[in-house]
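Colleague: I'm new to reading protein models. Could you walk me through one?

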Amino acid sequence: MNVFNDIIRINPEKRFGKPCIRETRITVYDVLGWLSVGMTYNDILADFPELTQQDILACLAFAAQRERTLQYA
């Protein structure tokens, strides 16, 4: 079982089926984008108090798992 299974959810009815954090509309892509532009964990948590540090780590773990299983041509 992956550490993110209880946090990252895919619902075809929400955000076009993109992986979201729990029942929020915040996607893994959103969190990765914020980190990529230099936001810190504390910045993200201040802007989105419904998130936890564990949620951010789950997004990173989810992205890493997807990268590991990605098939390159």
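Modeller: Gly17 sits between β1 (8-10) and β2 (19-21); strands are DSSP runs of E with at least two residues, helices are runs of H or I with at least four, and both are numbered from the N terminus. This is a predicted model, where local features need pLDDT of at least 70, side-chain atom pairs count only at pLDDT 80 or more, and totals for chains, interfaces and linings use all residues. Residues are numbered from 1 along each chain as its sequence is written, and side-chain values use heavy atoms, leaving out hydrogens and water.

Colleague: Is Gly17 buried, exposed or partly exposed?

Modeller: Buried means under 20% relative accessible area, exposed means over 50%, and partly exposed is in between (1.4 Å probe, protein chains only). Gly17 has 21%, so it is partly exposed.

Colleague: What does Gly17 touch, beyond its neighbours within four places in sequence?

Modeller: Contact means heavy atoms within 4.5 Å. Leaving those neighbours aside, Gly17 is in contact with Ile10, Asn11 and Pro12.

Colleague: How do I read the way α1 and α3 cross?

Modeller: Under 35 degrees counts as roughly parallel, over 145 as roughly antiparallel, 65 to 115 as roughly perpendicular and the rest as oblique. Here the axes of α1 and α3 come within 9 Å and cross at roughly 100 degrees, so the two helices are roughly perpendicular. Val28, Val31, Leu32 and Leu35 of α1 meet Ile56, Cys59, Leu60, Phe62 and Ala63 of α3.

Colleague: And what about aromatic pairs?

Modeller: Rings of Phe, Tyr and Trp (its six-membered ring) pair if their centres lie within 6.5 Å; planes under 30 degrees apart count as stacked, over 60 as edge-to-face and the rest as tilted. That rule gives two aromatic pairs. Phe4 and Phe62 have ring centres 5.2 Å apart and planes at 80 degrees, so they are edge-to-face. Phe4 lies in the segment before β1 and Phe62 in helix α3, so this pair ties together parts 58 residues apart in sequence. Phe4 is buried at 8% relative accessibility, and Phe62 is buried at 11%.

Colleague: What is the geometry of the pair formed by Trp34 and Phe48?

Modeller: Trp34 and Phe48 are stacked, 4.4 Å centre to centre with 15 degrees between the planes. Trp34 is in helix α1 and Phe48 in the loop between α2 (41-47) and α3, 14 residues apart. Phe48 is partly exposed, at 22%.

How values were computed. Axes are lines fitted to C-alpha atoms, for helices over the stretch in contact, and angles run from 0 to 180 degrees between N-to-C directions.
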